[in-house]
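Here is a walk through one protein structure, taken step by step. Keep the model in view as you read.

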Amino acid sequence: MNAPPPSVRFDAVESADYRAYRRFVNAARNWDVEKGYVELHNAFQREAEAEGATPKTADDALAILDRLDLFRTYAFLFRNIQRLKYAGHGYGIMPYVLEQQDTLLPQLEAIAAEGVAKGVLHLDPKVPVPDYFKLVDFHQHPGGVDGNPLAGLQYELARRTRTHSRVFANQLYRDIFSYLPKGQTFDRVLDWGTSFGAGLRTWLHDNPNSEGHGVDISAPCLKLAYARAREQGIEANWWQQDLEHLGFPENHFDMSFFAYMLHELPPGRTPALLKEVHRVLKPGGFFIGMELVYVDGSPFQNAIADLEGWLNDEPFMASCFNTDYEAVGRRAGFSNVMITRFTEMADGAMPEDKRIPPRSTWNIFRFQK
Ligand SMILES: C[S@@+](CC[C@H](N)C(=O)[O-])C[C@H]1O[C@@H](n2cnc3c(N)ncnc32)[C@H](O)[C@@H]1O
């Protein structure tokens, strides 16, 4: 009998140059979004006062910001530091992973073949990919999370450089799950947009009696999800499907959860997407997750939040901020619709000076069928 394939490992060959480069990129980004953000806020206030302006909307704020050199610097750094992260000077994530593809790709493909043979990794190369997914390289990831066979590994690396510590430790998911009713069990669970499976693996680690299913359209991400679950000794089912056309029967899941998904989907498609997840949930089942939202009462923050979406090639971010998900949820058939502040994460990006709004904040969405 052949030995089982080893896992997908590239940390062992991470060079000192690569680590130094990554630290530089992180430090530059943190400088921009922390100190740069505060400086920009103060410059914005001074300009608004000098003009006697009282901006009420993101667009009003943007008109003022547009007159500031510092605004252009902030925006330039925000866009281009992210580009460096992926592609810069041989040390970015793309060249780093692709230079090792002769080792990594056979490892990943052997593990994926095992998952397919076991009947838990369900790949469907013929699944129609929605246009909105193909047209943009989300997060400026060249080719996107489906753009090459190692795109899942690239996304996993990119996520490690996120500044919010809760995201690193998967605490984010546990925080989301804490908004589910206490004492209730969820026998069959769907991770809606699972990517490389971090959320579903966290759920199954904590709820080993649950049956877990993760859906995503990206095969490279799903292969990695299977590989990482296998390393953890976690059993789950990974499905390559479009969330708008789920291949599950009606009334099938007790709960479905999501993280960072709504802003990736065009609000024009959101009604159909929510109707579809409503269809596969059992009566009484929950659809729960978190998403970025505007900070209330701060046109400055709202303008920056819109801007960062555009700059980072996340074209639905601004319209996501302006979508009434409560109404969309009710129209999709959910009877009990709650959207509330995600306190565990909401204060994470808080500047020391409390007069300055956090750069980002999140809500919890909990819809019941
Ligand atoms: C921001 S990532 C999600 C991250 C993931 N929820 C987590 O916690 O790590 C967005 C994911 O949505 C997937 N996606 C986007 N549109 C989709 C669609 N229509 N159907 C299935 N997956 C989709 C992408 O492939 C990507 O993996």
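**From the sheet to the domain interface**

Six bridges join strand β5, residues 253-259, to strand β6, residues 281-293, and the two strands run parallel. Take one of the pairs: Phe253 has Leu281 in β6 as its bridge partner. Bear in mind that this is a predicted model.

Now widen the view. Which order do the strands of the sheet follow? The order is β1-β4-β3-β2-β5-β6-β8-β7. Eight strands take part, the sheet is open, and the pairing is mixed. Strand β1 (121-122) and strand β7 (336-341) stand at the edges. Each has a single partner strand, so one side of each is left without a neighbour in the sheet.

One of the pairs is His213 with Asn237 in β4.

Next, look past strand β8. Strand β8 covers residues 361-368, and Lys369 lies in the segment after it. Lys369 and Arg279 are 90 residues apart in sequence. In space, their C-alpha atoms are 8.9 Å apart. What does Lys369 touch, once its neighbours within four places in sequence are left aside? Its contacts include Asn251, His278, Arg279, Leu281 and Lys282. Pro283, Gly284, Gly285, Phe334 and Ser335 are also in contact with Lys369.

Step back to the whole chain. The protein is divided into domain 1, residues 13-98, and domain 2, residues 119-368. Their C-alpha centres lie 25 Å apart. At the interface, 33 residues of domain 1 are in contact with 31 residues of domain 2. The two domains bury about 2,900 Å² between them. Of that area, 70% is on carbon and sulfur atoms. On the domain 1 side, Tyr37, Arg79 and Tyr86 lose the most area to domain 2. Together they account for 22% of what that side buries.

What polar links cross this interface? Nine residue pairs are found in polar contact across it, with both residues at pLDDT 80 or more. The count of salt bridges between the domains is one. Arg79 forms a salt bridge with Asp313, and the closest N and O atoms are 3.2 Å apart. Side chains of opposite charge can pair when their charged atoms come close.

Which elements give two or more residues to the side of domain 1 that touches domain 2? They are α1 (16-51), α2 (58-65), α3 (69-87) and α4 (93-98). Helix α1 gives the most, with twelve residues. By class, this side of domain 1 has 21 nonpolar, six polar and six charged residues.

Finally, turn to salt bridges in the model as a whole. Their count comes to 16. One of the pairs is Arg67 with Glu51, where the closest N and O atoms are 2.8 Å apart. This pair links distant parts of the chain. Arg67 is in the loop between α2 and α3, while Glu51 is in helix α1. The two residues are 16 residues apart.

Methods:
Residues are numbered from 1 along each chain as its sequence is written. Side-chain values use heavy atoms; hydrogens and water are left out. Two strands pair if DSSP finds at least two bridges between them. Helices (H or I, at least four residues) and strands (E, at least two) are DSSP runs, numbered from the N terminus. Domain bounds come from an automatic or database domain assignment. Contact means heavy atoms within 4.5 Å. Buried area is the accessible area (1.4 Å probe) that two parts lose on being put together, summed over both. A salt bridge is a side-chain nitrogen of Lys or Arg within 4 Å of a carboxyl oxygen of Asp or Glu. A polar contact is a pair of N or O atoms within 3.5 Å; within protein, one must be able to donate a hydrogen and the other to accept it, and residues adjacent in sequence count only if both atoms are side-chain atoms. Ala, Val, Leu, Ile, Met, Phe, Trp, Tyr, Cys and Pro count as nonpolar, Asp, Glu, Lys and Arg as charged, and the others, Gly among them, as polar.
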